[in-house]
Amino acid sequence: MTGPAPAARARTASGRWIEEWDPEDERFWAEKGERVARRNLAFSILSEHIGFSIWSLWSVLVLFMGPEYGIDAAGKFFLVSVATLVGAIARVPYTFAVARFGGRNWTVVSAALLLLPTAAAWVVMEPGTSYTTFLLVAVLTGVGGGNFASSMTNINSFFPLRKKGWALGLNAGGGNIGVPVIQLAGLLVIATAGDGSPRVLLAVYAPLIVVAAALAWRYMDNLLTVTNDTGAALASVRDGHTWIMSFLYIGTFGSFIGYSFAFGLVLQNQFDRTPLQAASITFLGPLLGSLVRPVGGALADRWGGARITLYTFLGMAAATGVVILASQRASLPVFLVGFIALFVLTGLGNGSTYKMIPGIHHAKARALGLRGEEAAAYGRRLSGAAIGLIGAVGALGGLGINLAFRQSFLTSGTGTAAFVTFLAFYVLCCLVTWAVYLRGTRTGTGSGTGAAHGDPAGQRQQPAYAGV
C-alpha cells in the first residue's frame with residue numbers, strides 16, 4: 001500500500017498536517033517538537049487505551065456467561081482466542097493506515113470503529129444466543145487490537161531516538177492499561193448490578209469511544225513526512241532481526257495479552273472462583289503489567305533493551321516455575337504471587353523489546369557508515385516498517401496462550417501442562433536474546449554480529465547490537 005505523494009496530499013487532505021518534522025534536531029525539539037509530540041502522545045494513549053479495552057472485552061463478558069449460556073470452559077477460551085487472533089491480524093493493515101490517511105485522521109477512524117463490536121455485543125449478550133453468533137461478535141472486537149499498531153507507528157515518528165523507549169513505553173503502557181480498566185469496570189458492574197447485566201458495561205464504554213474520537217480530531221496532528229515505504233516494508237520482511245524480535249515479542253506482549261484474556265477463566269475453572277471473586281482479582285495483574293511498561297522502556301534507554309529483555313525472560317521463567325508448583329499443590333495464594341509477577345515482568349519486557357527495534361536499525365545504520373540525520377532517517381524508516389509486523393506477530397502469542405490453556409483444561413482439567421510449555425518457551429527466549437544481542441564474539445569466528453568490526457584476533461568485543 002502506498003500513500004499519495006506528499007505534495008498531492010498537502011493539497012487534498014483535510015485536517016491538520018505538519019509539513020516539516022525533525023525531532024533529532026535538538027533546537028527544533030526544544031522550541032516546538034517536544035510540545036507537539038507530547039500532545040499527540042497524550043491523545044494517542046487515550047484512543048489506544050479504549051482500543052485495548054474493547055479488544056479485551058470478551059475476557060470480561062465471559063465472566064457474565066453463567067451455566068444458562070451453555071458454554072463450557074474450552075468454549076470460552078476459544079472465544080477470547082478468536083478476538084486475539086483477529087486483533088493480531090488487524091495490526092498489519094493498521095500499521096500502513098497511518099501513512100496513508102495521517103496519524104490524526106486514522107486515530108479518529110480507528111476509534112469510531114470500536115462502536116461496531118460494542119453495539120454488536122449489546123445485541124447478542126443474552127442466554128439462547130448461538131455460539132456461532134458469539135464467535136462472530138468476538139471477531140469484531142479484533143479491531144481494537146489493531147489500534148495498537150497504528151498508534152505505535154504514529155508515535156514512533158514523533159519522537160527522537162533518545163526518547164523513543166520512554167515515549168513508546170508510555171504510549172503502549174497507557175494502551176495496555178485499557179485491559180485492567182475494563183476488567184475493573186466489569187467487577188463494579190457484577191458487584192452492583194449482578195452478573196446478569198453485561199449491557200451496563202457496554203453502555204459505559206459507548207460514550208467513551210465517542211469522546212476519544214472527538215478529542216483525537218480536535219487535538220492531534222498528521223505528519224506529512226510519514227509515508228508508506230514499500231521498499232522498507234519488504235526490507236523489514238526480509239530482515240532476520242524482524243523475525244527474531246517478533247519471536248521475543250511473542251514472549252513479552254503475547255504473554256501479557258494472553259494472560260490478560262485468560263486470567264479470570266483460569267481462576268474460575270482451576271480454583272472454583274465465582275464471577276465476582278474472579279473479577280476482583282483479574283484486573284490486578286494487567287494493571288501492574290501496564291503500569292511498568294514505561295519503566296521497561298526507561299530502563300532500556302539507560303541500560304540497553306537487550307540486557308533488560310534477557311533479565312525479564314529469566315524472571316518470567318522463574319515466576320512460571322512458581323506458578324507450576326502452586327498449580328500442582330492447588331495453592332491459590334502462591335499461584336497469585338507467581339502469576340502477578342509474570343504480569344509485571346511481561347510489562348517490563350514489553351517496554352524493553354520495543355526499545356530494541358529502533359536501536360537495531362540505528363545500529364545497522366552505523367555499521368553502514370551512516371551518521372547524524374542520515375543514520376536517524378534510516379533508522380526511522382526501517383523501524384517504522386518493522387514495528388507493525390513485530391506487533392502483529394507478537395500478538396499471536398496471546399492466541400497461543402489461550403489455545404494452550406484450552407487444550408490443557410480439556411485434557412487434564414487444569415492449566416499446569418500449559419504453564420510447563422510456557423516455561424520452556426521463556427528459556428528459549430533467554431537463549432535467543434543472549435546469543436543474538438548480548439554474546440561477545442571473536443574476530444574471524446564468523447559468529448555473532450561483532451566479527452566484522454575489526455577487533456584484534458583473540459580479543460572479546462561487544463556485538464554490534466549490544467546497546468539496543
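Helices α4 and α13 (240-270) each supply at least two residues to the lining of the second largest pocket, and α13 gives the most, with three residues. Helices here are DSSP runs of H or I of at least four residues, numbered from the N terminus. Nearest the centre of this pocket lie Met65, Gly66, Pro67, Lys76 and Gln268.

This is a predicted model, in which local features need pLDDT of at least 70 and side-chain atom pairs pLDDT 80 or more, while totals for linings use all residues. Residues are numbered from 1 along each chain, and side-chain values use heavy atoms, without hydrogens and water.

A pocket is an open set of points on a 1 Å grid where a 1.4 Å probe fits, with protein on both sides within 12 Å along at least five of seven lines; lining residues have an atom within 4 Å of a point. Volume is the space filled by probe spheres set on the points.

| Largest | About 450 Å³ | 22 residues |

In the largest pocket, Ser157, Val226, Thr227, Arg380 and Arg381 are the closest to the centre. Helices α4, α8 (143-158), α12 (230-238) and α19 (372-412) give two or more residues each, with the largest share, five residues, from α19.
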